[in-house]
Amino acid sequence: MTQSHTNPQTLPYHIATLKSVRTGKALPFTREQLSAINKAPIKQPVAVNYLGLVTDEQADRRHHGGHLKAVHQMSPATYDRLNQEFQLKLSIGLLGENLTTVPVSGEDDMTEANVCIGDVYQYGDGDDCVQLRVVQPRRPCYKINDQIGMAASKRNIASWITSQGISGWYFQVVKDGIMDHELPVYLIERPYPFATLEKLWAIANDKKAIDKVIIERWLDIECLESSWKKMLAKKIS
């Protein structure tokens with residue numbers, strides 16, 4: 001029987017293949033601003049350091065980039081849901097993600113339902129492998145609406161993504177290395193198996209107070225980014 005990476009019995013555990021690595025340049029965008037949301041697949045291997053892929057740029061350094069938002073990954077299923085909900089034809093890579101994976105045989109895709117805060121994933125083998133730790137979900141902003149275009153829908157798409165909790169996740173770099181497409185992806189650490197991104201978004205979107213015991217488990221996660229801890233602390237009943 002194939003064991004699921006939502007509850008692996010032994011680590012490291014081979015879960016996926018890295019199909020696409022994307023980086024972007026800060027270019028003129030809407031509202032007379034710059035943005036690097038348009039990311040193109042790399043054509044050759046790219047180095048990764050503590051700030052992410054070295055050829056990737058962020059125009060708004062206040063809200064994007066930094067060592068706690070070094071690399072962004074999002075499930076391809078997000079595009080399926082967006083296209084169905086808003087009658088669109090969006091293609092993978094449009095919303096600023098750096099990494100796209102496909103599951104190996106018998107596994108589920110990496111999604112918010114089975115990726116946990118604190119997970120460490122390894123991309124590749126040997127000395128050049130990259131290791132990344134999940135430290136926070138991505139908070140969608142207005143640039144997603146601008147990127148898709150208001151003509152696509154009269155609704156606030158970024159707000160809908162937030163309500164669904166399907167915006168992907170940010171990594172902190174644990175080990176520098178080299179990224180390239182077609183690398184194997186392994187789950188190598190899972191210290192907080194309860195802490196799925198799906199559960200974190202459910203708490204964030206819950207308008208009711210939450211039991212202190214539940215919240216304290218999340219606050220004890222050392223690597224969870226501080227703004228999320230502040231939000232959780234305010235939820236205590």
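Q: Buried means under 20% relative accessible area, exposed over 50% and partly exposed in between (1.4 Å probe, protein chains only). With that in mind, why is Cys223 called buried?

A: The relative accessible area of Cys223 is 18%. That value is under 20%, so Cys223 is buried. A word on the background: this is a predicted model, in which local features need pLDDT of at least 70 and side-chain atom pairs count only at pLDDT 80 or more, while totals for chains, interfaces and linings use all residues. Residues are numbered from 1 along each chain as its sequence is written, and side-chain values use heavy atoms, with hydrogens and water left out.

Q: How do you know how many disulfides the structure holds?

A: A disulfide is a pair of cysteine sulfur atoms within 2.5 Å, and the structure holds zero of them. Take Cys116: its nearest cysteine sulfur belongs to Cys223 and is 11 Å away. Seen from Cys223, the nearest cysteine sulfur is that of Cys116, again 11 Å away. Since 11 Å is not within 2.5 Å, Cys116 is in no disulfide.

Q: Is Cys116 buried or exposed, and what makes it so?

A: Cys116 has a relative accessible area of 1%, so it falls on the buried side of the cut-off.

Q: What makes Tyr123 and Phe171 an aromatic pair, and which kind is it?

A: Rings of Phe, Tyr and Trp (its six-membered ring) pair if their centres lie within 6.5 Å; planes under 30 degrees apart count as stacked, over 60 as edge-to-face and the rest as tilted. A search of the whole structure finds five such pairs. For Tyr123 and Phe171 the centres are 6.3 Å apart and the planes make 80 degrees, so this pair is edge-to-face. Tyr123 sits in strand S9 (residues 120-123) and Phe171 in strand S11 (residues 169-175), 48 residues apart; strands are DSSP runs of E, at least two residues, and helices runs of H or I, at least four, numbered from the N terminus.

Q: How do you know where Arg217 lies relative to Phe194?

A: A charge sits over a ring if NZ of Lys or CZ of Arg is within 6 Å of the ring centre and within 35 degrees of the ring normal. Arg217 is 3.8 Å from the ring centre of Phe194 and lies over its face.
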